[in-house]
Amino acid sequence: QQVQREIEISVDAIWLATGHELNVNHLEILNSVRQSFPRDLIRGLPILTPDLEWAEGIELYIAGALSALQIGPDAFNLAGTAAAAARITEAILARREEAARTSIT
């Protein structure tokens, strides 16, 4: 049985979007990210980290259809959204816990 815990996370921004374009090369909003942090693509889909970060150490997380290579076919539905949210939340919490441990020592 999964234990639910309530936590508060502060973030700079959350960008949610839907659409039909499954090729990051055609998404202008990601142009500067792609130029600064190039990723390998498979048929226009980025190869993300297991935590769904655009690149290791870059706190830009991708969910939805563009995370299909990591999430699988569920990336296109609500089950995939839940799976992505769980991965991203755990990654953010782990990063914060590590930062807290590092700042203490």
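Q: Is L52 buried or exposed, and why does it receive that label?

A: L52 counts as buried because its relative accessibility is 0%, and buried means under 20% relative accessible area. The model is a predicted one. L52 is placed in the loop between β2 and α2.

Q: What is the phi of L52?

A: L52 is a residue other than glycine, and its phi is positive, near 75 degrees.

Q: Which other residue has a positive phi although it is not a glycine, and where does it lie?

A: R43 has a positive phi of about 50 degrees and is not a glycine. R43 belongs to the loop between β1 (41–42) and β2. R43 is exposed because its relative accessible area is 81%, and exposed means over 50%.

Q: Which residues are in contact with W54, leaving aside its neighbours within four places in sequence?

A: Contact means heavy atoms within 4.5 Å. With those neighbours left aside, W54 is in contact with V24, L30, V33, R34, F37, R39, P46, I47, L48, L60 and I62.

Q: Which residues make the nonpolar surface patch?

A: Residues with over 30% relative accessible area can take part in a patch. In this structure, I42, I47 and L69 make a nonpolar surface patch of about 220 Å².

Q: Is S67 buried or exposed, and where does it lie?

A: S67 counts as buried because its relative accessibility is 1%. The loop between β2 and α2 holds S67.

Q: What does the side chain of S67 reach, and which residues does S67 touch?

A: A polar contact is a pair of N or O atoms within 3.5 Å. The S67 side chain reaches the backbone oxygen of G64 at 2.7 Å. Not counting residues up to four places away in sequence, S67 touches L48, L52, I62, G72 and A75.

Definitions and conventions. Residues numbered from 1 in each chain as written. Predicted model: local features only at pLDDT ≥ 70, side-chain atom pairs only at ≥ 80, totals over all residues. Heavy atoms only, no water. Patch = residues over 30% accessible without salt bridge, like charges linked within 9 Å, V, L, I, M, F, W, Y side chains within 5 Å. Areas by Shrake-Rupley, 256 points an atom, 1.4 Å probe, with all protein chains shown as cover. Salt bridge = Lys/Arg side-chain N within 4 Å of Asp/Glu carboxyl O. Helix = DSSP H or I, 4+ residues; strand = E, 2+ residues; numbered from the N terminus. Buried < 20%, exposed > 50% of the residue type's maximum accessible area, 1.4 Å probe, protein only. Polar contact = N/O pair within 3.5 Å; in protein donor to acceptor, adjacent residues only side chain to side chain.
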